[in-house]
Amino acid sequence: MYVVIFDGFVTLGGMGGRKMNGTWRVGRVMGIPIEIAPSWLIIAFLLSSGLALEVFPAWQADLAGYPAWICGVATSLVFFACLLGHELAHAWVAKRFGQPVRRITLFIFGGVAEASQEMRSPREELCIAIAGPASSLGFALVFFVLAILAHQLAGPPALGAVLDWLALINTSLAVFNLVPGFPLDGGRVLRAILWARTGDLEWSTRVAATGGEWFGWGLIFLGLTRLFAGSIITGVWLMMIGWLIGQCARGVQLDQGIKKALSGLKVKDLMSTPVMVLGAHTRLQEAIESHFLKRPYGSYPVVDGARVVGILDRAQVRALSPEQWRVLEAVDVMQPIDGAERLTPDQSAADAMTRFDNVGASRLPVMQNNELVGYLSLNDIARQVMWLDRSARVQKN
């Protein structure tokens with residue numbers, strides 16, 4: 001059975017600007033939330049059934065039926081525990097460097113650890129990136145030794161098959177993720193090396209991301225060949241993994257281009273004024289008629305006197321019924337605001353981009369001395385980037 005699992009330690013736009021919503025939080029390790037996306041159930045079932053119906057019966061002729069299914073489910077769970085260990089290795093090293101890790105998520109294509117800051121040095125990048133594959137190779141070595149002992153001591157054949165597969169799959173995970181292309185660990189290793197040698201982060205990122213794009217196209221081509229050869233599931237799986245890697249690589253390049261365009265700019269250079277606000281006790285029906293239907297903004301700050309107390313988003317209002325619009329006030333529905341959801345005028349525009357990614361908002365209030373002085377939206381940033389791009393093309397021509 002062909003198994004390809006994506007792994008990543010992503011920052012900012014490293015996942016192409018895509019977020020995984022609707023995840024289940026199953027606990028915390030080292031203070032880091034561990035979440036499982038519903039799509040993980042799909043890969044867990046496919047892997048368990050593939051082991052039970054194909055791999056183990058082929059390796060052990062007498063291992064079939066319920067015993068094979070028990071081994072398949074148990075083995076897949078152990079493997080995903082190893083995958084979580086891989087992500088935790090990234091996270092542990094990141095925390096040693098003072099890098100905050102937002103969460104670790106297991107989903108249909110594997111696992112990903114999400115950070116909220118970009119790397120500050122090649123050494124930091126290299127150490128964090130190499131920690132994941134190193135942990136997978138460590139797991140592989142442990143299972144390899146246990147498999148040898150199981151075979152030499154004439155243990156249950158099923159146990160030997162399980163340990164053999166776990167050693168093989170962890171080795172494969174390490175090797176696959178060392179491919180030198182973003183967003184795989186090998187892409188980060190490549191970027192760290194190029195960054196250390198040239199001092200040019202932008203160029204290093206572009207080279208590593210280009211490698212990721214080419215590798216993604218290679219997987220898509222390989223998937224097509226498998227598809228035409230009759231291996232439908234394997235072919236489709238390879239094509240999906242290739243597409244994901246390509247999208248992530250392009251997202252990294254886009255993010256790098258945006259940060260370059262915003263270099264030297266501050267929030268006050270881009271923010272919008274004056275600010276349209278909603279009173280805390282404004283009825284939702286009035287907010288819809290006077291703001292959401294008449295203006296292009298998707299969210300508004302909610303003020304109680306001169307103090308900003310929250311943000312009311314269009315999606316929050318849409319989730320309610322017309323009957324609720326007539327009785328509820330903005331303060332009843334708004335998302336309370338804290339320090340993580342506000343900007344300052346002198347904050348760099350690049351830092352603001354990071355804040356948008358962390359909060360998951362499209363507009364954020366700009367505060368100075370606890371007073372609302374402006375509003376910055378992703379549209380404001382996009383207009384600036386497009387204007388700079390247009391100006392650069394005019395100068396080039």
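This is a predicted model: local features need pLDDT of at least 70, side-chain atom pairs count only at pLDDT 80 or more; totals for chains, interfaces and linings use all residues.
Valine 162 counts as buried because its relative accessible area is 14%, under the 20% cut-off. Leaving aside residues up to four places away in sequence, valine 162 touches Phe56, Cys71 and Thr75. Valine 78 is 84 residues away from valine 162 along the chain, yet the C-alpha atoms of the two are separated by 9.9 Å.

Attention can now turn to the largest nonpolar core, which has 43 residues. Within this core, the members that touch the most others are Phe56, Phe79, Phe80 and Trp165. At least two core residues come from each of the following elements: helix H1 (40–59), helix H2 (65–96), strand S4 (101–107), helix H3 (122–152), helix H4 (157–177) and helix H7 (232–261). The greatest contribution is that of H4, which supplies nine residues.

The model also holds an open sheet of four strands, arranged in the order S6-S7-S8-S9 with mixed pairing. Strand S6 (278–279) and strand S9 (335–336) form the edges of this sheet, each pairing on one side only. In general, the strands of a sheet pair through backbone hydrogen bonds, in either a parallel or an antiparallel manner. Strand S8 (residues 307–313) and S9 run antiparallel and are joined by two bridges.

Note on methods
Residues are numbered from 1 along each chain as its sequence is written. Side-chain values use heavy atoms; hydrogens and water are left out. A nonpolar core is a set of buried Ala, Val, Leu, Ile, Met, Phe, Trp, Tyr and Cys residues joined through side-chain atoms within 4.5 Å. Buried means under 20% relative accessible area, exposed over 50%, partly exposed in between (1.4 Å probe, protein chains only). Two strands pair if DSSP finds at least two bridges between them. Contact means heavy atoms within 4.5 Å.
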